[in-house]
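Please open the model in a viewer and prepare to select residues by number.

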Amino acid sequence: MSKINSNIQYDVVVTGSGLGGLVSALILAKEGKKVCVLEKNNQYGGNLQTFVREKTIFDTGVHYIGGLDKGQNLHTYFSYLNIMQDLKLKKLDENCFDMIHFFDHLTTYPLAQGYQNFVDQLVKYFPSEEKNIYQYIEDIKSICIQFPLYNVSAQGSYDTRVFELGLYDYLTNLTKNKKLQAVLNGNSLLYAGHKNTPFYVHALIMNSYIESSYRCINGGSQITRLLIKQLRNYNADIFKHSEVVKYEVEQKVITKAILKNGETVSGKLFISNIDPKTTLQQVGQQYFKKAYYNRIMNLEDTIGSFSVFIKLKPNQIHYMNKNLYFHQTINDAHLVEPIFKDVPKFLLAMNANQEDQKYAESLTILCYMDFEKVKAWENTVNTVANPTDRGSDYEAFKKHYADILVSEVCKIFPNAKNVIESYYTTTPLSYRDYIGVNQGNLYGPVKSALNPLNHFIATKSKIDNLYFTGQGVNMHGILGVTIGAVATCAEILGKDYLISKIKAHEEMVY
């Protein structure tokens, strides 16, 4: 790792190497700007990080990706970033990328790829609801077309009422069939869905997966590696173990990022890919208007998560080329549980390590967990760069909840306990420490149709040369954060200019 040269003034300094930071850095590096990326941890990538235990790769945040077929939005953006052609991907089951299961019903329900196929697969289970399922697809498409960058366009507008339509209200008006309502909202773990979640959040996410759904073979960290490779091709400087703790401000302009070890990095523009709340604190409350500072600091964050990463004995459980979402009843599909229930709802995903996967090498189970559950250890920090033993009580705490989830999985795979070789866990503390998100939240601020503008954070801050990017600003997820990074760079370069270059690249390639 090269040493930071404090005499260099960079055109752009990016704090945090999550997807938003790396994409923003690469877009601007492609424009000839001298870019520096600062990462506090031992591994780049934020939620793209993977970890290896006993020669098994586990994904921490990327379970599947949508919009990657040729001509679709994420494919277009990744092609412009010169990483699309090198991604190793496995397309999920076209007839069922997500399986929705309710323990109080014996039937499972498929969510399929392709608009017509999505309808065809669900109509088998809801023959009298065909018209409403078609309407659902048309409504999703009509919402998505109103977001220009989602459609790789610089121009366009939306009806502001799109932000005021709640998902729960939409579904209950669409159909009176409660089971269908629950199925359509069955993968709400993707956005921490609740009764006041705006319908547009659901629509933007679901549309991308219905268009196409893929797993990353051997994990999402390949996206990080490819972006880093491209950044180095454009002579960007990238530093690990470089934690920004504050900024030097002169006449309401940031001049330097100050690192924990005392080093400084000078720049003309600064982009923060860490939690906006943390960024404001690092800059200093005195540099912001009180109303702006208080609004952001008081935003409610989405709930955190608890995950169990299971290494399986070889050739025991057949690989399932889909994700499984489990609910106890059809009534809890709309609920974000603030407390870990004895029988929680959860996502079960299998990691792919080759194209022709026959047996599962590992399982990942993810469910909600409120930060209050781990508050007893909130003053501890544990990362590879700064290891800390949180003690036997913490280990017992994690084992207790891991055992609950494993017991639930045994309802699906009765022999599961006998084929588990080992397992590892993460809590909201893990995501707080490694990703830098406030209280380990999953998806940034809570979005609500009841107060749709309250959670909005502009990409350009109230400091003239400070910009935000990442899941805490716009939408979360691989697609949402990529689009958010484009929005950040469009604020700097000009939206028409940037989108024209992205589209020209697509036309040149295809």
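Predicted model: local features only at pLDDT ≥ 70, side-chain atom pairs only at ≥ 80, totals over all residues.

**Overview.** Across the whole structure, 4 cavities of 30 Å³ or more are found.

**First stop: the largest cavity.** Select I57, C216, G219, N351 and A352, which lie nearest the centre of the largest cavity among its 16 lining residues. The space within this cavity amounts to about 130 Å³. Next, display β4 (56–59), β9 (213–216) and β16 (346–350); each of these strands contributes at least two residues to the lining. When the lining is coloured by class, 7 residues are polar, 6 nonpolar and 3 charged.

**Second stop: the second largest cavity.** Select Y191, A192, H194, T197, V201, T302, Y443, P445, V446, K447 and H476, the residues that line this cavity. Its volume is about 70 Å³. The lining comprises 6 nonpolar residues, 4 polar residues and 1 charged residue.

Which residues lie nearest the centre of the second largest pocket? They are R53, T425, T426, S430 and Y434, part of a lining of 30 residues. Two or more lining residues come from each of β3 (50–53), α11 (392–409), β18 (420–426) and α13 (428–435), and these elements may be displayed together. The pocket has a volume of about 780 Å³. Its lining is made up of 14 polar, 10 nonpolar and 6 charged residues.

Methods: Residues numbered from 1 in each chain as written. Heavy atoms only, no water. 1 Å grid on protein atoms, 1.4 Å probe; cavity = no way out; pocket = protein on both sides within 12 Å on 5 of 7 lines; lining within 4 Å. Points joined across faces, edges and corners; volume = space filled by probe spheres on them. Helix = DSSP H or I, 4+ residues; strand = E, 2+ residues; numbered from the N terminus. Nonpolar A, V, L, I, M, F, W, Y, C, P; charged D, E, K, R; others polar.
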